[in-house]
Amino acid sequence: MAAPIASARSAVFLSYAGMCAIWGTTWLVIKVNLHYIPPITGVGFRFLIAGLALYAVAAMRGELRRFSEVPWKLVLVLAVMLFGLNYVLTYTAETRLDSGLVAVLFGTLPFFMFGMGQALVNERTTPRIWVGALVAFAGVALISLASQVQGSPLYALAAIGAAASSAFANVYAKRHSRHAPLLTLPPAMLIAGIAVGATGIAVEHPNWHAAFSPPSIVSLLYLALLGSGIAFFLNLWVLQRIAAWIVGLSSLIIPVIAVAVGVVFGGEHFTLRELGGSLLVIVGIFIALSQHQSAAAVIPTECEV
């Protein structure tokens, strides 16, 4: 019994790490993609491609189901709250706020998940978890905030709204985690992709020559296939096996990875501020997870192995 549990825990750890690693790279790729496709249109195309790709994977694996077997309430929650509202609000916030400030404001996601997790799936958190998350959040703030922060309070609320929307969708998915990711993700992404993409085309009037240039296509495929298809599959797969609040802590880990990716591939500079912030994130996550209750939360039950 010990060997299967150890193997399952390793699979969860690797999936969680893979999800964080992929989303840590998408920040830099989004910067590239925004040079060619307007934000809302880009989000729509991203999820349209991801939804079609996951439908193809589901078909190859024989996991396509009849219309009546699809949990449409969960699909619509994911489409509207996770792939629609979350991304639209985030991109809208970035039109008027510094990206560092948006990263910090979105870092409130774990705290929404703490509260929603207790209300919707009866996941209880302890003061130590809150302290650890606050320390990690301080690290994200140190990394992301420059000396001058500029922006409108309304757009700051949009970024916080994106965090709340994403948190609700994740906790709701945890509540309905009996459904396989390939049953819910393809239709949810396709619905969001069509709706958001059509809205973007109508209001942003993209330059199609630029949108179909090689750099645009490569970056869009990366965001669609890895940043959406694979990463969100791992996200839902992990939610089936560990507490939602632990998944929520990933939003505090991802900025650290994004900084490292920016230094290695984006020509950005790593300063003492980034180093100090990264150390705070590591310490905070360690505090939040280093307790008996947290350890138990990451051990899959026998039926999940």
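A: Ser-216 is buried, because its relative accessible area is 0%, where buried means under 20% relative accessible area, exposed over 50%, and partly exposed in between, computed with a 1.4 Å probe and protein chains only. Ser-216 is found in helix H10, which covers residues 214-239; helices here are DSSP runs of H or I with at least four residues, strands are runs of E with at least two, and both are numbered from the N terminus. This is a predicted model, in which local features need pLDDT of at least 70 and side-chain atom pairs count only at pLDDT 80 or more, while totals for chains, interfaces and linings use all residues. Residues are numbered from 1 along each chain as its sequence is written, and side-chain values use heavy atoms, with hydrogens and water left out.

Leaving aside the neighbours within four places in sequence, Ser-216 is in contact with Asn-33, Tyr-36, Ile-37, Ala-210 and Ala-211, contact meaning heavy atoms within 4.5 Å. As for Ala-211, its backbone oxygen lies 2.7 Å from a polar atom of the Ser-216 side chain.

Phe-212 is found in the loop between helix H9 (208-211) and H10, and with a relative accessible area of 54% this residue is exposed, whereas Ser-216 is buried. Phe-212 also belongs to a nonpolar patch on the surface, together with Ile-201, Trp-208, Ile-217, Leu-221, Leu-225, Leu-226 and Ile-230, and the patch has about 660 Å² of accessible area in total. Patches are made of residues with over 30% relative accessible area and no salt bridge, with nonpolar side chains (Val, Leu, Ile, Met, Phe, Trp, Tyr) joined within 5 Å and like charges within 9 Å; a salt bridge is a side-chain nitrogen of Lys or Arg within 4 Å of a carboxyl oxygen of Asp or Glu. Helix H10 gives the most to this patch, with five residues, and Ser-216 is found in that helix too.

Turning to the whole protein, the secondary structure comes to 14 helices and zero strands. Of its 305 residues, 50% count as buried, and Ser-216 is one of the buried residues. Among the contacts with a separation of 6 or more, 91% are accounted for by residues 24 or more positions apart. The accessible surface comes to about 14,200 Å², of which 70% belongs to carbon and sulfur atoms, such areas being computed by the Shrake-Rupley method with a 1.4 Å probe and, for residues, with only the protein chains shown counting as cover.

Terms used
Polar contact = N/O pair within 3.5 Å; in protein donor to acceptor, adjacent residues only side chain to side chain.
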